[in-house]
Amino acid sequence: LRKGLSPMKKRREKKLTKLLKRLILLAILVAIVLFIIKYINFEDIKNQLLMRIYKLDYSEYVEKYADEYQVDKYLIFAIIKAESNFDEDAVSNKGAQGLMQLMYSTAEEIAGRLDIDLNEENILEPDINIHLGTNYISMLTQKYENINLALAAYNAGSGNVDGWIEEGTLKADGTDIENVPFTETNNYVRKILRDYEIYKDIYDK
């Protein structure tokens, strides 16, 4: 009769079986990784995720008024993202309203020039709010002849920006925008310029 395996041989055989299973599992994992690398486009996944963050909501109004007032639509999207994150009913603790966070007094002045009948209710309507906000940033861009100072004025007001230029805190060409003394405005301009570039990188291809 054939004798059974010795305890030592059984242990050795058991270890070899475990090792073989591990090698098979490792080979399967390697195959899966290689498949993912070869067939899955990580750039597309990245862009899909970014598109969820950097949205194009209200594009019918943004494109309409960006074209009318000769402003890059991606700049308007970046402003809306920073100002309200696309919440049309947003109202700040300072009283700025709507998608583009307009103070009522500012919106009223712009509406008067554009012959728009503005009131406390319709200032929140996307069509009106984006119309007024886009006209405003267009006017500021024409005044300062660069986006950096226009954004600073959109946030802090033209009076402050004019004062910073006059006292030498900022250059008239906006190349030293990092010198804006208001921390909120400084961060605001940087954020929008960054998001503006991201919008162009995602969609302007």
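Modeller: Contact means that heavy atoms lie within 4.5 Å of each other. This is a predicted model: local features need pLDDT of at least 70, side-chain atom pairs count only at pLDDT 80 or more, and totals for chains, interfaces and linings use all residues. Residues are numbered from 1 along each chain as its sequence is written, and side-chain values use heavy atoms, with hydrogens and water left out.

Biologist: Which residues is Gln97 in contact with, leaving aside its neighbours within four places in sequence?

Modeller: They are Ala90, Val91, Leu102, Tyr104, Glu120, Ile123, Leu124 and Asn129. Gln97 itself is in the loop between α4 and α5 (104-114). The helices here are DSSP runs of H or I, at least four residues long, numbered from the N terminus.

Biologist: Why is Gln97 called buried?

Modeller: Buried means under 20% relative accessible area, exposed means over 50%, and partly exposed is in between (1.4 Å probe, protein chains only). Gln97 has 10%, so Gln97 is buried.

Biologist: And what makes Ile24 partly exposed?

Modeller: Ile24 is in helix α1 (residues 7-39). Its relative accessibility is 47%, so Ile24 falls in the partly exposed class. Its C-alpha atom is 59 Å from that of Pro126, 102 residues away along the chain.

Biologist: Which residues of α3 are buried?

Modeller: In α3 (residues 59-68), Val62, Tyr65 and Ala66 are buried.

Biologist: How do you know that they are on the same side of α3?

Modeller: They cover an arc of only 105° around the axis, so they share one side of α3. The arc is taken from the directions from the helix axis to the C-beta atoms. An α-helix has 3.6 residues a turn, so residues three or four places apart point the same way.

Biologist: What do the buried residues of α3 pack against?

Modeller: They pack against α4 (73-83) and α6 (126-144). Just after α3, Gln70 takes a positive phi of about 55°.

Biologist: What makes a set of residues a nonpolar core?

Modeller: The members are buried Ala, Val, Leu, Ile, Met, Phe, Trp, Tyr and Cys residues, joined through side-chain atoms within 4.5 Å. The largest such core has 52 residues, and Ile79, Leu132 and Tyr154 have the most contacts inside it. The elements α3, α4, α5, α6, α7, α8 (158-166) and α9 each supply at least two of its residues.

Biologist: Which residues is Leu132 in contact with, neighbours within four places in sequence aside?

Modeller: Leu132 is in contact with Leu102, Ala107, Ile110, Ala111, Leu114, Ile116 and Leu118.
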